[in-house]
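Student: I have a new structure to read. Can you take me through it, feature by feature?

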Amino acid sequence: MFSRCVKNFSLIELLVVITIIIILAALLLPSLSKARDKAKTAICASNLKTIGTASQMYTGSYDDWIIPAAQGQWKTNTYEKLWWGILSGWGENGSGFGITCGKSSIRDLNQSVYRCPSETCDITGNAADKEYSQPQYMLNSGLAGFPSEGGTGASTLNFAHKLNCVKNPGIAIFAYDSLRRYAYNWLSDRAMYYVGFKHGVYDARQSGSDMPPSIGRANFIFMDSHVELLSFPDATHGLSEKNYARFGSNKLASGFDRDNGVMLPYE
């Protein structure tokens, strides 16, 4: 009869195995983290694509008018008068333009394309803590205007625009990631400082008056429907007026004619 010899691991051998596992984990975890970040960025880009497609459906249904950021007396009849409410059917007809979103609470936006997976803060409506009470994407208000609150707007930011005002759809920005500290109660703007450069490295700025970091990235969707992931330096193209140039009246920089529009009534 043969006797079976069982060899136990020595303490040194166990330590060697544990060390190898720790080294492998240290090598793999950054790769896993990067893969997770890339997946979130891809979902964010897909969200903007869906918003862009819905906006095109709106434009096709309304004689080439680009969806305004807000319509009518939007301060008193909020959700159904705002761009995201119209696209997801919060309005009178309830049909929307292909975006599915619950309608019982502002928190329903967290389960929709209006929630960016790279954003650490939920959509809660908690203004005291500057948490989002709007989608985590904003429209370019130079292109998608909104009515002046008093009904006496004189700015081109209060204009509605048709597609023929877009001169270079490949550089004309339609929507983008929003900065938490500014966008908790707003739906559109025309300043690069209010873009949330939160992909790769989270954009933790406390104010929209601070220059964005150069290492984070933001997703932008353009009027030709393509989405780009851009840093602040890339998005501004080295323009001297970095904050407003891509949203302003210079057609070469913005890609659209902001002066070619019709005043939106507050009614």
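The dialogue below goes from the overall fold to the core, the rings, the charged pairs and the surface.

Tutor: One point before we start. This is a predicted model.

Student: How many helices and strands does the protein have?

Tutor: Six helices and seven strands. From the N terminus on, the order is α-α-α-β-β-β-α-β-β-β-α-α-β.

Student: What share of the residues is buried?

Tutor: Of the 267 residues in the protein, 47% are buried. Look at the contacts too. Among those with a separation of 6 or more, 60% join residues 24 or more positions apart.

Student: Now the inside. Which residues have the most contacts within the largest nonpolar core?

Tutor: That core has 59 residues. Those with the most contacts inside it are I51, W83, L87, Y114, F174, M192 and F220. The elements giving two or more residues are α1, α3, β1, β3, β5 and α5. Helix α1 gives the most, with five residues.

Student: What does L87 touch, leaving aside its neighbours within four places in sequence?

Tutor: Its contacts include I51, A54, S55 and Y58. I67, F97, I99 and Y114 are also among them.

Student: And S188, is that residue buried or exposed?

Tutor: S188 is in strand β4, residues 188-189. It counts as buried because its relative accessibility is 1%. Beyond four places in sequence, S188 touches A69, M138, L139, S141 and F146.

Student: Next, the rings. How is a pair of aromatic rings described?

Tutor: By two things: the distance of the centres and the angle of the planes. A search of the whole structure finds 14 aromatic pairs. Take F220 and F222. Their ring centres are 6.4 Å apart and their planes are at 35°, so this pair is tilted. Both F220 and F222 are buried.

Student: Which residues do ring pairs link into a cluster?

Tutor: Y176, Y193, F197, F220, F222, F232 and F247. So you meet F220 and F222 again in this cluster, linked by ring pairs.

Student: What about charged side chains?

Tutor: Side chains of opposite charge can pair when their charged atoms come close. This structure holds four salt bridges. One of them joins K162 and D63, with the closest N and O atoms 3.1 Å apart. K162 is in the loop between β2 and β3, while D63 is in the loop between α1 and α2. They are 99 residues apart. K162 is partly exposed, at 23% relative accessibility. D63 is exposed, at 54%.

Student: Where do K198 and E119 lie?

Tutor: K198 and E119 form a salt bridge too, at 2.8 Å between the closest N and O atoms. K198 is in the loop between β4 and β5, and E119 is in the loop between α3 and β1, so the pair ties together parts 79 residues apart in sequence. Both residues are buried.

Student: And how do D122 and R115 meet?

Tutor: Their side chains meet in a salt bridge, at 2.7 Å from N to O. D122 is partly exposed, with a relative accessible area of 37%. R115 is buried, at 16%.

Student: Last, the surface. Which residues make the nonpolar patch of about 590 Å²?

Tutor: I12, V16, I20, I23, L24 and L27. I12 lies in helix α1, residues 11-61. It is exposed, with a relative accessible area of 63%. As a whole, the protein exposes about 13500 Å², and carbon and sulfur atoms supply 56% of that.

Methods: Residues numbered from 1 in each chain as written. Predicted model: local features only at pLDDT ≥ 70, side-chain atom pairs only at ≥ 80, totals over all residues. Heavy atoms only, no water. Patch = residues over 30% accessible without salt bridge, like charges linked within 9 Å, V, L, I, M, F, W, Y side chains within 5 Å. Areas by Shrake-Rupley, 256 points an atom, 1.4 Å probe, with all protein chains shown as cover. Helix = DSSP H or I, 4+ residues; strand = E, 2+ residues; numbered from the N terminus. Buried < 20%, exposed > 50% of the residue type's maximum accessible area, 1.4 Å probe, protein only. Phe/Tyr/Trp six-rings, centres within 6.5 Å; stacked < 30°, edge-to-face > 60°. Contact = heavy atoms within 4.5 Å. Core = buried A, V, L, I, M, F, W, Y, C linked by side-chain atoms within 4.5 Å.
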